[in-house]
Amino acid sequence: MADDSIAVVDLDRCQPDRCNYECANFCPPNRTGEECIVTREERHGDDEYYAGGPDQISISEELCLGETCGICVEKCPFDAIEIINLPQELDEVPTHRYGENSFALYGLPAPQEGRVTGILGPNGIGKTTAVHILADEITPNLGRFEDEPNWEEVLAEYRGTALQEYLEDLQDGDVTVARKPQYVDKIPDTFDGKTSELLAGVDERGVADELVERLEIEAVIDQPIDTLSGGELQRVALAATLVRDADFYFLDEITPYLDIGQRVTAARLIQQLSADDRSMLVVEHDLAVLDLLADALHVAYGEPGVFGVITPPKSTKGGINEYLHGYLENENMRIRPGAIEFEEHAPRTEGYGDTLVEYPAMTKSYGDGEFSLEIDAGEIRQNEVLGIVGPNGIGKSTFAKLLAGRLEPDEGSFDATLDISYKPQYVEIDQPMRVDAFLSSITDDFGSSYWTTEIANPLQLERIMEQNLSDLSGGERQRVAIAACLSKEADLYLLDEPSAHLDVEQRVLATRAIRRYTENHDKTAMVIDHDIYMIDLLSDRLQVFEGTPAERGHAGRPMGMREGMNTFLANLDVTFRRDERTGRPRINKPGSQKDRQQKNAGEYYYAPTDSN
């Protein structure tokens with residue numbers, strides 16, 4: 001193979017017991033007597049350890065003809081093979097490779113003292129691998145997975161680069177690190193105790209009380225970790241990381257399960273700590289939050305599951321705009337066929353479709369001293385996407401259950417019941433089923449051309465259809481859950497935080513799938529989400545929930561996007577503007593001239609000239 005190509009075999013998909021080795025039989029080098037594609041046992045012998053199995057295939061990258069051939073890719077019945085041409089600009093030596101015919105990472109972000117550095121890129125592209133390397137949890141093998149280099153060789157590879165001093169200090173023990181994990185729902189599996197016990201065990205700076213107050217987790221300080229919600233776990237995990245006395249903090253996705261107010265609070269806290277010479281590296285998919293907190297940005301690109309490249313640092317604004325445009329200027333690299341556009345989407349002109357359901361003013365209380373919800377009278381329209389925004393614990397799920405007839409209101413008579421297809425906030429899948437079997441059990445349309453075109457393809461489900469549900473990543477589970485919700489026959493589709501664990505491109509694709517389904521089938525969707533970008537792209541109207549979380553909530557009537565967003569953002573004391581180049585939403589810096597101007601005009605959701 002040419003030096004600028006890579007061959008990857010997905011061992012979860014390679015099933016030699018179900019095929020006739022079509023990849024090897026049709027491989028041109030094999031047909032001339034070469035051993036380009038053979039079994040792993042044939043390649044390495046009987047005593048070799050096999051990550052998958054001895055009968056699974058091994059591809060010789062030296063003999064492979066590269067992407068220009070691609071016959072094995074086409075012949076594999078399980079889509080287990082990827083042959084990809086690498087960008088010519090890449091150095092020959094990868095930073096890390098997990099094994100034979102496995103994912104390869106090129107480049108590393110450079111932590112900067114006293115600054116917040118962001119990483120932006122798709123899932124499966126190596127961002128978390130980079131974090132593990134910089135946190136001294138993985139030693140980079142420079143692609144030598146059989147003859148791993150020692151640290152002296154690794155340091156020699158990075159001599160003269162911005163990473164040299166950091167890696168030397170890391171190896172010498174002169175730099176300390178703290179890392180927040182990506183999936184906070186796994187924390188109860190590793191810690192059995194109360195929130196207070198977790199924080200006390202790691203509070204090396206004596207600031208736990210301050211962070212508990214800042215992150216508003218006083219109410220759960222004496223609760224067992226395994227009883228916390230996703231949003232509570234996320235804030236506890238952030239506090240448990242930031243209380244450590246470290247030189248560098250690595251924060252892998254800080255926004256899942258947090259409402260918009262909590263996201264802004266976390267971003268401002270991270271910025272303030274970095275100003276005290278606390279250096280931060282943040283992996284994040286919420287562009288509004290990343291734009292608010294990052295001083296510099298690395299873009300990650302490549303082919304998910306195959307290879308990833310991390311660019312040198314860019315300005316935050318420039319890096320996000322290049323990523324959305326799909327073209328990296330300094331690298332002269334096209335990373336996406338087209339740009340992600342915002343100008344034409346929002347705020348949408350409010351339509352007046354037929355009414356799906358009218359509901360009266362209602363109240364619902366869970367008992368004396370418990371949470372209570374007050375709901376204004378309103379209507380939900382046919383063929384619309386109604387965005388639902390508001391803090392966590394404010395009654396959004398209670399409202400949905402009232403509409404579905406699963407709860408009875410204390411005041412107000414609501415007789416109409418709706419058949420609701422519901423995707424919950426927390427996707428827990430532990431069934432020993434394959435994805436295709438699970439989805440086919442939900443709808444008779446599974447596999448039809450319309451279902452494939454409108455649901456499966458936009459949600460990128462093809463490559464995971466034969467995987468077990470329990471083996472899926474967080475983002476993969478989220479996409480399957482969205483597909484399951486949309487596949488059911490219902491009057492109303494309610495999706496609770498569909499953006500969680502999805503990267504930027506996946507969020508856009510999920511948005512298109514939801515909108516296309518509602519438009520083509522005259523259906524109605526209610527989407528609860530905390531990602532302003534997704535709400536901005538998706539919603540026709542907005543319903544704002546206000547109040548005091550866990551105590552009382554108030555659901556206002558559905559309203560137009562501008563009125564609704566102005567109400568919601570005013571409660572957060574946050575203003576948004578449109579980026580002049582891409583039209584994307586951007587949070588104004590608090591106290592900036594633009595921030596003050598919009599607040600004085602009462603225009604928190606873009607100035608009117610921004611939305612033209």
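Strand E7 (residues 116–120) pairs with E10 in the parallel sense over four bridges, where two strands count as paired if DSSP finds at least two bridges between them. Helices (H or I, at least four residues) and strands (E, at least two) are DSSP runs, numbered from the N terminus. The model is predicted, so local features need pLDDT of at least 70 and side-chain atom pairs count only at pLDDT 80 or more, while totals for chains, interfaces and linings use all residues. Residues are numbered from 1 along each chain as its sequence is written, and side-chain values use heavy atoms, with hydrogens and water left out.

Within E10, Leu281 is the bridge partner of Thr117. Strand E9 (residues 248–252) also pairs with E10 in the parallel sense, over five bridges, and here Val283 of E10 is the bridge partner of Asp252. From E9 the chain passes through helix H12 (residues 260–275) to E10 in a right-handed β-α-β crossover; right-handed denotes a path from the first strand over the helix to the second that runs clockwise with the strands pointing away from the viewer.

Five of the five residues of E10 (residues 279–283) are buried, so the strand is largely enclosed by the rest of the structure. Buried means under 20% relative accessible area, computed with a 1.4 Å probe on protein chains only. In a regular strand the side chains alternate between the two faces of the sheet. Ser279, Leu281 and Val283 point one way from E10, and Met280 and Val282 point the other way.

Helix H12 also contributes to the second largest pocket, where its six residues form the largest share of the lining. A pocket is an open set of points on a 1 Å grid over the protein atoms alone, with protein on both sides within 12 Å along at least five of seven lines; lining residues have an atom within 4 Å of a point. This pocket has a volume of about 1000 Å³, the volume being the space filled by probe spheres set on points joined across faces, edges and corners. Its lining comprises 41 residues, of which Gln262, Pro391, Asn392, Gly393 and Pro549 lie nearest its centre.

A cavity, by contrast, is a set of points where a 1.4 Å probe fits but cannot get out. The largest cavity has a volume of about 100 Å³. Of its 14 lining residues, Val504, Arg507, Val508, Asp531 and Tyr533 are the closest to its centre. Helix H19 (504–520) gives the most to this lining, with four residues.

Note on methods: Buried means under 20% relative accessible area, exposed over 50%, partly exposed in between (1.4 Å probe, protein chains only).
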